[in-house]
Amino acid sequence: MATFRHICDSVAVITLSNPPVNALSSALIQALQKALGEAIRDSAVEAIVICGDKGKFCAGADIREFNKPSQKRGPHLLLLTDLIESNKKPVVAAIEGVALGGGLELALGCHYRVAHVQARVGLPEVLLGILPAASGTQRLPRLIGIAAALTLITTGKYVPAREALKLGIVDKVVGENTVDEAIRLAKKVIGQPLGSRQLSTLPVQCPPNVEALLAEAMVKVKKQFRGAQSPQACIEAVRAAVHLPYTEGIKKEQELYQFLNATHEPRAQQYAFFAEREVAKWTLPSGASWKTVSPQPIHTAAVIGLGTMGRGIVTSLAKAKIPVVALEQDKRQLDIGSKAVMSLLDREILKMEQLGHTEATNSLGPVRFTLDYDELKDVDIVIEAVFENMALKKDIFRRLSVVCKPEAFLCTNTSGLNIDEIASVTNRPQMVIGTHFFSPAHIMKLLEVVRGCYTSSTTISTAMRLAKMLGKIGVLVGNCPSFVGNRLMRLYVEQAVFLVEEGSKPEEIDLALEDFGLAMGPFRMMDLAGLDIGWKARTEIGLTGPKLPIGTPARQRGSKRYSPLPDILCEQGRFGQKSGQGWYKYEKSGGRNAMPDPWLYNFLSEYRCIHNLKTRNITQEEVIERCLYILINQGFKVLEEGIASDPKDIDVIYNNGYGWPKHTGGPMYYASLVGLPVVLTKLEKYYEDNPDILDLKPSNFLKKLVASGTPPLKEWRSHLGSQSSKL
Ligand SMILES: CCCCCCC/C=C/C(=O)SCCNC(=O)CCNC(=O)[C@H](O)C(C)(C)COP(=O)(O)OP(=O)(O)OC[C@H]1O[C@@H](n2cnc3c(N)ncnc32)[C@H](O)[C@@H]1OP(=O)(O)O
């Protein structure tokens with residue numbers, strides 16, 4: 001756990017060991033306390049170095065223990081940091097890999113910190129719904145000042161070693177032999193006064209405008225993490241560091257920690273943390289799983305189509321150091337696309353240089369641009385990223401069948417087209433898979449990996465491995481129209497439009513859902529994405545436009561309610577931000593600043609008049625419930641149909657691809673927080689009021705769970721019974 005071995009020349013080295021990331025479990029904290037006690041008492045020891053086993057210092061408190069009753073957790077990390085700091089023998093932290101959360105707090109208790117150049121440090125507690133409650137909110141501001149500490153503590157950002165050196169978090173950065181360097185430093189400082197190295201004793205250097213700084217930070221986090229309490233608590237704790245002596249500040253830190261712990265946020269965020277790691281551990285009903293099926297190596301890749309998605313995918317591959325061949329259909333498109341890719345790559349290089357990488361250019365994989373399909377003959381994987389047109393995609397896949405080597409995997413980046421139809425035109429349907437990237441593809445963490453009926457488990461394994469190589473979270477889902485993410489999203493957006501027909505304003509709905517915590521309300525989101533995209537898709541399948549049978553009622557398709565509002569806006573040339581007007585108006589075409597539009601109010605009045613729609617007062621509560629519960633209800637249907645195998649798959653998709661607030665855990669976790677009987681009763685009521693909105697009808701699976709006594713979320717899967725899985 002924590003071993004103490006004697007080193008020559010009187011420096012004791014204590015090694016933290018708790019694989020895989022040396023998280024501070026109660027057992028490790030106890031062992032560390034014991035090892036420290038021994039080193040302190042040993043008169044032959046004059047200095048101490050603390051390091052981590054296997055090249056990782058420490059990833060912080062053991063998150064798996066957070067739900068243990070506190071009396072069973074053993075000695076508190078906070079006391080340990082005080083014990084280290086007050087020790088008369090100098091203590092040096094040798095930071096390799098990571099020093100995160102409690103790991104960095106432990107290092108801040110030490111008198112000196114030496115870091116390996118590739119190490120990263122940070123206080124990510126805020127991302128787990130808590131705050132750095134082992135003195136991090138009090139020691140860090142004393143070390144690096146209020147502004148920098150606020151940024152780190154409220155964002156949870158990981159800082160690379162060189163930046164940490166500039167900020168003053170670490171004292172030295174080394175390219176190799178971190179522990180040896182720490183030992184050398186420890187020896188050098190034996191006998192020197194430690195006063196200035198004891199952070200708790202230092203004054204906080206406050207700029208004159210400190211209150212304004214804190215207020216500004218508060219405004220920022222309230223906007224950025226709407227509805228979440230931990231970022232605000234972090235600021236309160238830093239404010240305590242400004243105004244109170246250290247021991248009082250620590251009391252405040254503990255109070256705020258207890259307060260947060262009593263909310264649902266830590267549990268929700270910690271659920272989200274583990275869910276992201278669990279989804280990588282896929283299992284198929286056949287028994288094949290990540291453990292049994294090896295991925296094939298991917299040394300080279302090709303991307304077809306250099307539109308917005310293709311450019312991001314190429315950049316993402318280059319960032320993962322995978323050589324890419326990027327193909328376009330004609331010279332003009334190739335020129336435009338290649339320029340755009342080069343500019344994205346330049347930005348990546350700049351970002352890396354700012355983070356202290358000296359050889360940033362060499363850390364990207366090479367990109368070759370071409371018009372020639374023959375250049376694809378040797379690549380290991382192809383990702384097709386042309387626009388959503390089935391005929392075009394099929395043409396490309398036919399061609400790939402001929403050109404690519406037999407072992408090459410063929411992926412289609414689609415947000416909802418049928419993978420099986422695409423696979424069926426190839427000579428290797430078992431090697432075809434959907435890879436639904438999210439825009440911007442080089443930044444967004446989510447990758448929906450869509451298994452078709454022919455897709456082999458080796459192909460799944462390889463695509464999931466590719467996600468990991470790209471630094472993304474791959475979530476395996478089944479093949480159905482719009483897959484999981486967009487299938488749920490469509491109903492949420494449609495519900496928002498129905499609410500406008502019934503009397504809400506777009507901005508009221510956006511505000512209600514943004515206050516709930518969603519990154520962007522549905523109308524601002526539609527305007528950003530472009531209303532014309534959905535319009536084209538609806539025209540293609542005959543929901544509107546020339547293919548719509550004459551005599552179809554305007555607000556009905558089959559037995560379902562339909563709103564033609566978005567179609568009419570498009571007919572008026574209102575495509576959203578790109579045309580300067582959509583649900584909102586903008587300062588210019590391409591403008592970002594959404595302003596309520598009086599034109600829309602008049603238009604909506606006329607529309608309601610024409611369709612004989614009576615407006616009514618719609619509460620925020622109804623907006624949230626109808627928009628979110630219909631999405632959640634569809635989540636239960638997706639589980640029932642075996643399109644997703646576990647509620648956490650849906651939560652990971654929403655948290656990482658759709659701006660769902662992580663502090664509520666994701667839509668399915670949120671449903672469990674609200675209580676399934678409540679969700680069911682509300683859906684029943686809204687369905688009764690709106691019998692033509694068929695998707696409000698509660699799913700059988702939701703009803704089954706409630707009838708079974710509302711088991712906890714982790715047991716839902718076992719209640720699915722023998723459904724026909726699409727995985
Ligand atoms: C008990 C009350 C104490 C109160 C004290 C309050 C003050 C202190 C609070 C904290 O310290 S909270 C923890 C803060 N630390 C983090 O948030 C770090 C989270 N981890 C990461 O960012 C990454 O895991 C990593 C360390 C950068 C490694 O990333 P990598 O991509 O290499 O691997 P992963 O798949 O993410 O992780 C591997 C493995 O390790 C598990 N794990 C990671 N961190 C922790 C942790 N802090 N506690 C427990 N387990 C952790 C992770 O779940 C993976 O497990 P498996 O999936 O392999 O089982």
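1. Helices (H or I, at least four residues) and strands (E, at least two) are DSSP runs, numbered from the N terminus. The C-alpha atoms of T358 and G109, which are 249 residues apart along the chain, are separated by 31 Å.

2. A word on the model itself: it is predicted, so local features need pLDDT of at least 70 and side-chain atom pairs count only at pLDDT 80 or more, while totals for chains, interfaces and linings use all residues. Residues are numbered from 1 along each chain as its sequence is written.

3. The domain assignment, whose bounds come from an automatic or database source, divides the protein chain into domain 1 (2-261), domain 2 (301-480), domain 3 (504-610) and domain 4 (620-642 + 645-719). Between the C-alpha centres of domain 2 and domain 4 the distance is 33 Å. Nine residues of domain 2 are in contact with six residues of domain 4, where contact requires C-beta atoms, placed from the backbone, within 7 Å. On the domain 2 side, the elements that give two or more residues are β16 (446-451) and β17 (473-478), and β17 gives the most, with four residues.

4. The largest nonpolar core has 127 residues, of which A302, V303, V324, V382, L410 and V449 touch the most other members. Such a core is a set of buried Ala, Val, Leu, Ile, Met, Phe, Trp, Tyr and Cys residues joined through C-beta atoms within 7 Å. If neighbours within four places in sequence are left aside, A302 is in contact with V324, V325, L327, L376, V379 and V382. Apart from this core lies another, of 88 residues, including L108, C110, A115 and V174. In soluble globular proteins, nonpolar side chains tend to be buried together.

5. Around the ligand there are 24 residues, and A23, G60, A61, G101 and G102 come nearest; a residue is near a molecule or strand if its C-beta atom, placed from the backbone, lies within 6 Å of it.

6. Some backbone details deserve a careful look, since most residues other than glycine have a negative phi, and most peptide bonds are trans. A cis peptide bond joins P19 and P20, with omega about 5°, and P20 sits in the loop between β2 (11-16) and α1 (26-41). Another cis peptide bond joins S439 and P440, with omega about -5°, and P440 lies in the loop between β15 (432-437) and β16. N177, in the loop between β9 (172-174) and α7 (178-189), has a positive phi near 45°, and N177 is exposed because 12 other C-beta atoms lie within 10 Å. S482, in the loop between β17 and α17, has a positive phi near 70°, and S482 counts as partly exposed because it has 17 C-beta neighbours inside 10 Å.

Definitions and conventions:
A residue is buried if 20 or more other C-beta atoms lie within 10 Å of its own, exposed if 12 or fewer, and partly exposed in between; C-beta atoms are placed from the backbone. Two residues are in contact if their C-beta atoms, placed from the backbone, lie within 7 Å.
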